[in-house]
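Please look over the model below. The notes that follow take up salt bridges and then cavities.

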Amino acid sequence: MLQRIKTYITVSTSVLLLMTAGCKKGTFDINSPNPNTPSSVTPQFQLSSALVGSATSMYSGGFSEFANLFMGYWAFSGDYGGYGTTATYNLTNNQYTSNWDFVYSNCLVNYQSIINNSRTANEANYFGIAQIMEAFHYQRLVDMYNNVPFTDALKGGTLNYPKYDNGSAIYPALLKKIDSGIAAINGASSAADNPGKYDVMFGGTMSNWVLFANTLKLKILLNLTQYSGGASLIQSELNGLTVSSFLGAGQDAAVNPGYANTTQSQQNPFYGFVGFTTNGSNYGNHDFYRANAYAVNFYNNHNDPRAGRFYAPNASGVIHGRVFGSQDGSEHNTVISSIGPGVLASASENAYLIPAFESLFLQAEAIQRGYLSIGSYGTMDALYQKAVSESFRVLGIASPAAAAATYDQQSDPKTNLSLASDPLTFLITQEWAALNMYDAVTAWNNWKRLRIPADLPVSIYPGTTAAHIPVRLLYPSSESTTNSANVTAQGTVDIINGKIFWMP
């Protein structure tokens with residue numbers, strides 16, 4: 001237990017430093033004003049901080065490690081203990097609460113402040129970016145919690161106990177937010193202020209923000225494929241859009257304010273959470289989170305070069321994973337692979353919100369379902385191969401296009417689309433293989449929506465009774481304390497058998 005306590009201290013320190021470097025540190029109470037957010041701030045100075053906070057919310061401690069564990073990417077180290085509540089899926093309302101607390105009290109507060117202070121024609125680009133980014137964060141909140149404060153949120157001081165909106169009402173409102181953001185950007189005059197260097201994602205290239213917005217819209221819409229009435233809404237919202245409307249090859253939505261190895265707070269948030277200290281020592285979480293046997297076996301069984309990029313060889317030079325929940329005392333860190341060099345390339349690497357490969361997989365699903373035409377990609381196989389090539393590229397695999405062609409052309413129905421009996425299952429499985437550690441929450445959403453991968457295993461930790469992985473998180477203790485009546489109104493939350501509104 002002493003070792004595990006030491007790891008918790010490392011996590012807490014990492015989160016604190018990254019919160020300070022990212023969105024402005026708040027009170028972690030969405031029902032009161034944030035004293036650290038000025039009532040009037042020049043949008044350009046707040047934009048950088050807000051975008052860095054968004055990246056932190058994707059990759060730092062307390063956010064998405066549960067999804068990496070549930071989705072077969074990570075396992076716990078055999079050298080540590082004290083993880084039973086996660087390994088048995090008996091989550092509490094004090095676990096993974098940053099997904100709520102940090103996002104509401106920091107990220108969304110910052111973007112709302114930008115909106116409030118961007119009311120002139122000269123500030124149209126800031127207004128548009130903030131609208132799009134609010135949609136980005138609210139989608140993730142709905143996908144984790146279902147009903148959440150939306151129309152009454154971010155009004156601390158005037159409305160201190162926000163009611164919860166139904167997730168089914170929030171999603172259409174997010175589409176309107178995105179449209180509002182796109183309209184503001186497209187309607188901005190040439191004299192409007194360009195955020196330039198303060199835009200630490202696209203460097204002020206506003207056309208890329210429109211591509212990102214359309215890609216986010218597509219991501220939201222595809223979550224509705226199994227929802228009643230979803231098909232007609234998807235078709236209507238995508239009307240007039242083509243494959244050129246979305247992020248394409250090489251067009252990653254990636255934040256980088258100048259990450260550096262100077263201090264932990266200046267490191268890329270993922271690197272600073274599960275990577276290495278400034279002097280090259282392992283952070284505690286680098287030793288605590290290890291390779292999951294499910295993902296390792298998939299990559300190894302299909303000659304996938306990503307195995308050695310997602311995971312590092314063990315002491316024997318082998319990529320080896322551990323079954324999630326295993327209590328085998330012989331599975332020490334000399335045996336189980338650590339997180340690998342492809343996702344821990346350097347402390348200065350980009351933090352991805354939507355990498356290009358994810359956009360291409362989203363387009364592939366939309367095309368497969370008949371919502372988009374194949375357009376300039378020519379064939380589905382060409383689009384799929386481009387998505388894999390982009391996945392290889394961000395992982396640093398040499399000659400990614402050639403490597404993707406080799407991978408795609410194997411006589412293997414799991415890698416060769418022309419041999420697949422079910423193209424949709426094939427594409428979602430390959431998207432799962434690419435999302436490893438980039439966005440496990442999106443992979444989790446795909447599983448909740450489609451149950452793909454179909455053979456995703458549950459934990460084997462003693463006492464585990466769940467038939468499948470959890471489908472949502474519990475409302476955090478901070479919200480239960482400060483907004484108890486509205487939390488109680490949501491009824492009993494069942495993280496295993498409950499549903500996000502769009503689930504079948």
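1. A salt bridge here is a side-chain nitrogen of Lys or Arg within 4 Å of a carboxyl oxygen of Asp or Glu. The model is a predicted one, and the count by this rule comes to 14 salt bridges.

2. Arg393 and Glu390 meet this criterion, with their closest N and O atoms 2.7 Å apart. Both residues sit in helix α15 (residues 380-394), 3 residues apart, about one turn of the helix. Glu390 is buried at a relative accessible area of 7%, whereas Arg393 is partly exposed at 30%.

3. Salt bridges with shared partners join Arg140, Lys219, Glu358 and Asp439 into one network.

4. Lys217 and Glu237 form a salt bridge at 3.3 Å, N to O. This pair links distant parts of the chain, with Lys217 in helix α8 (residues 206-222) and Glu237 in helix α9 (residues 230-238), 20 residues apart. Lys217 is buried, its relative accessibility being 5%.

5. Asp165 pairs with Lys163 in a salt bridge whose closest N and O atoms are 3.2 Å apart. Asp165 counts as buried at 10% relative accessibility, while Lys163 is partly exposed at 36%.

6. Searching the whole structure gives 3 cavities of 30 Å³ or more. The largest cavity has a volume of about 80 Å³. Its lining is made up of 15 residues, and Met58, Tyr59, Ser64, Asn68 and Met437 lie nearest the centre. Two or more lining residues come from each of α2 (43-59), α3 (65-70), α10 (269-274) and α18 (440-450). By class, the lining of the largest cavity has 9 nonpolar, 3 polar and 3 charged residues.

Conventions
Residues are numbered from 1 along each chain as its sequence is written. This is a predicted model: local features need pLDDT of at least 70, side-chain atom pairs count only at pLDDT 80 or more; totals for chains, interfaces and linings use all residues. Side-chain values use heavy atoms; hydrogens and water are left out. On a 1 Å grid over the protein atoms alone, a cavity is a set of points where a 1.4 Å probe fits but cannot get out, and a pocket is an open set with protein on both sides within 12 Å along at least five of seven lines; lining residues have an atom within 4 Å of a point. Grid points are joined across faces, edges and corners, and a volume is the space filled by probe spheres set on the points. Helices (H or I, at least four residues) and strands (E, at least two) are DSSP runs, numbered from the N terminus. Ala, Val, Leu, Ile, Met, Phe, Trp, Tyr, Cys and Pro count as nonpolar, Asp, Glu, Lys and Arg as charged, and the others, Gly among them, as polar. Buried means under 20% relative accessible area, exposed over 50%, partly exposed in between (1.4 Å probe, protein chains only).
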